[in-house]
Every structure is written in structure tokens, then in C-alpha cells.
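Here are my notes on this structure. Please keep the sequence and the 3D view open while you read.

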Amino acid sequence: LADALQQKYRSKVTVTNFSVGGMDVRWGLTQLDKVVASTPDVLLLAFGMNDASGRRTPDEFARMSNEIIDTIANKVPGCEVILVATMTGNPDWSYAAPELYPKYRDALLGIETTGVAVADVTALWMAVVAKKSFMDITGNGVNHPNDYGHRLYAMVLAATLGC
């Protein structure tokens with residue numbers, strides 16, 4: 001994604017990744033000082049899988065996501081936000097919540113506004129798993145994308161950003 005952005009805009013792109021495996025949107029709220037200090041031009045928020053595993057309601061998920069957006073808007077004016085609607089988990093996995101993934105995506109679409117866009121990985125992922133097995137696109141067969149799955153994320157993000 002960074003390469004695609006650099007090629008399109010002929011400008012250096014610096015990626016700072018604050019993510020930690022196993023975290024959810026509530027944890028994201030605790031990381032805002034680090035994010036603000038990095039003064040991003042674009043913030044990618046990619047939560048949902050672990051929130052769904054914990055059965056967080058779509059309304060609560062959207063509320064917390066919006067709290068992150070509001071904080072960033074107030075402290076880093078001009079920062080654009082991309083809300084990444086999550087891949088789906090393998091429905092055979094005991095922690096999967098197949099009913100929640102599209103509801104989370106829809107909740108994110110409900111808070112989309114000027115400067116805040118949704119990258120709908122959920123829709124593409126669901127279309128792909130209708131034709132391929134989870135083992136084909138995940139590293140663990142459950143909830144972590146392999147290289148192919150990461151490429152799906154990158155494709156959706158690049159399209160969202162106009163690359």
C-alpha cells in the first residue's frame with residue numbers, strides 16, 4: 001500500500017504501525033497519545049475481529065471507533081481516517097461471530113463522513129470465501145490473513161485511497 005501511494009503521489013510515505021495482535025477497539029482508545037504524537041496525515045483503524053470474538057455490540061464498536069476519530073480530529077487537524085471493515089473469521093472457529101462482521105461494517109459506514117472513509121474488506125473477503133477455503137487465504141485457517149489475504153486488504157485500501 002505504501003508503495004502504491006508513493007508511486008501515485010510521487011512522495012515519500014512513512015508507515016508507523018502501532019498495532020498489537022489480539023487487541024480490540026477499546027485498546028485502541030488507550031493508544032491515542034502515541035498516535036497523536038506521530039501526527040499522521042492518514043490514520044488506518046483496523047479493528048473488528050477481536051471485538052467480534054468478544055461479542056461487542058455493533059453500536060458499542062461504532063461508538064468507540066467514533067471516539068478515536070473525534071480525538072484525532074481535535075488533536076491532529078486535517079488527518080484523514082480510513083476505517084477498515086474486518087475480514088471474517090472462519091465460521092467453524094468457536095470464537096467466530098459471522099453475524100457481527102457485516103454489522104460492524106454497516107456500523108462503520110454509519111459514521112463515514114468528510115475525512116472519514118470505510119475500506120470494505122468485509123465484502124471482498126466474503127466474496128472470496130464463497131469460492132475459496134479459509135486455508136487458502138489465512139495463515140492459521142481461522143482469523144489471520146496469509147500473504148494472499150493481506151493482498152486483499154491492500155487492494156481494498158488502495159482502491160479506497162484512489163490508487
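Predicted model: local features only at pLDDT ≥ 70, side-chain atom pairs only at ≥ 80, totals over all residues.

The points below go from the whole protein to single residues.

1. **Overall build.** The protein has nine helices and three strands. Along the sequence, the pattern runs α-α-α-β-α-α-β-α-β-α-α-α. Trace that order in the 3D view.

2. **Size and shape.** The C-alpha atoms fill a box of roughly 45 × 35 × 25 Å along the principal axes. The radius of gyration is 15 Å. A compact globule with 163 residues would have a value near 15 Å, so the protein agrees with that expectation.

3. Of the 163 residues, 43% count as buried. The protein exposes about 8,900 Å². Carbon and sulfur atoms supply 52% of that area.

4. **Strand S1 and its partner.** S1 covers residues 42-45. Strand S2 covers residues 80-85. The two strands pair in the parallel sense, over four bridges. Val42 stands opposite Glu80 in S2.

5. **Leu44.** Is Leu44 buried, partly exposed or exposed? Its relative accessible area is 39%. Buried means under 20%, and exposed means over 50%. Leu44 is therefore partly exposed.

6. **A surface patch.** Leu44 also belongs to a nonpolar patch on the surface, with Leu1 and Val42. Together these residues have about 210 Å² of accessible area. Find Leu1 in the view, then look from there to Val42 and Leu44 in the patch.

7. **Thr122.** Now turn to helix H7, residues 121-129, where Thr122 is found. Thr122 has a relative accessible area of 0%. The cut-off for buried is under 20%, so Thr122 is buried. What is Thr122 in contact with, leaving aside its neighbours within four places in sequence? The residues are Ala85, Thr86, Thr88, Tyr101, Pro102 and Arg105.

Key:
Residues numbered from 1 in each chain as written. Heavy atoms only, no water. Patch = residues over 30% accessible without salt bridge, like charges linked within 9 Å, V, L, I, M, F, W, Y side chains within 5 Å. Areas by Shrake-Rupley, 256 points an atom, 1.4 Å probe, with all protein chains shown as cover. Salt bridge = Lys/Arg side-chain N within 4 Å of Asp/Glu carboxyl O. Buried < 20%, exposed > 50% of the residue type's maximum accessible area, 1.4 Å probe, protein only. Pairing = 2+ DSSP bridges. Contact = heavy atoms within 4.5 Å. Rg over C-alpha atoms; globule rule 2.2 N^0.38 Å.
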